[in-house]
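Thanks for making the time this morning. I would like to walk you through one model, starting with its pocket and then turning to its charged side chains.

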Amino acid sequence: MPSKKILSISYNQTLLQTRQMLLETRGYAVTSALGYQNSLQHCKREGWDLIIVGHSISDRDKRALVEEFRRHCPAPVLALHRVDEPRLGGADYTITPEHPAELLEMVDEIFARAPSVLKNASGRG
């Protein structure tokens, strides 16, 4: 079975690289996108199984990204938040991970929870 394809988005290169390495240890195929425009370009070109919007992105930009993703990509969106940040409306899943293991558990749970939705999402480009 091929790896699930994840698009990981951040405004911080270090966080982006760390998240990619973490997810790849679990066997996921991860593409990292730094910044708003880069993430939109990736979203339109690929068939993703999950999009992760990092906590380094402002709430305003997160909302705009989710709206764009809804237009161009059927994959579910997981929004990461800081403790003091409100939860993003429009994202399919939200989490405020305090430890890397919490992020991995959430991603595993998303894929275990909705296999038919993800199968349909990965078949579209």
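This is a predicted model: local features need pLDDT of at least 70, side-chain atom pairs count only at pLDDT 80 or more; totals for chains, interfaces and linings use all residues.

Of the 125 residues in the chain, buried ones make up 42%.

Let me take the largest pocket, which has a volume of about 260 Å³. Its lining consists of L15, T18, R19, L22, H55, L80, H81, P97, H99, P100 and L103, and the elements that supply two or more of these residues are α1, spanning 13–25, and α4, spanning 100–113. Which of the elements gives the most to this lining? That is α1, with four residues. Sorted by class, the lining has six nonpolar residues, four polar ones and one charged residue.

Now to the charges, where a search of the whole structure finds seven salt bridges. In one of them, the side chains of R26 and D108 meet at 2.6 Å, N to O; R26 sits in the loop between α1 and β2, whereas D108 belongs to helix α4, so this pair ties together parts that are 82 residues apart in sequence. Both partners are partly exposed, R26 with a relative accessible area of 40% and D108 with 24%.

Helix α3, residues 59–72, holds pairs of another kind: R63 and D59 both lie in it, four residues apart, or about one turn of the helix, and their closest N and O atoms are 3.2 Å apart. R71 and E67 have that four-residue spacing in α3 too, and they form a salt bridge at 4.0 Å, N to O. Here R71 is exposed, at 54% relative accessible area, while E67, at 48%, is partly exposed. E67 and R71 also belong, together with E68, to a network of salt bridges.

I will finish with D49, which is placed in the loop between α2 and β3. What the side chain of D49 does reach is the backbone nitrogen of K5, at 2.6 Å.

Definitions and conventions
Residues are numbered from 1 along each chain as its sequence is written. Side-chain values use heavy atoms; hydrogens and water are left out. A polar contact is a pair of N or O atoms within 3.5 Å; within protein, one must be able to donate a hydrogen and the other to accept it, and residues adjacent in sequence count only if both atoms are side-chain atoms. On a 1 Å grid over the protein atoms alone, a cavity is a set of points where a 1.4 Å probe fits but cannot get out, and a pocket is an open set with protein on both sides within 12 Å along at least five of seven lines; lining residues have an atom within 4 Å of a point. Grid points are joined across faces, edges and corners, and a volume is the space filled by probe spheres set on the points. Ala, Val, Leu, Ile, Met, Phe, Trp, Tyr, Cys and Pro count as nonpolar, Asp, Glu, Lys and Arg as charged, and the others, Gly among them, as polar. Buried means under 20% relative accessible area, exposed over 50%, partly exposed in between (1.4 Å probe, protein chains only).
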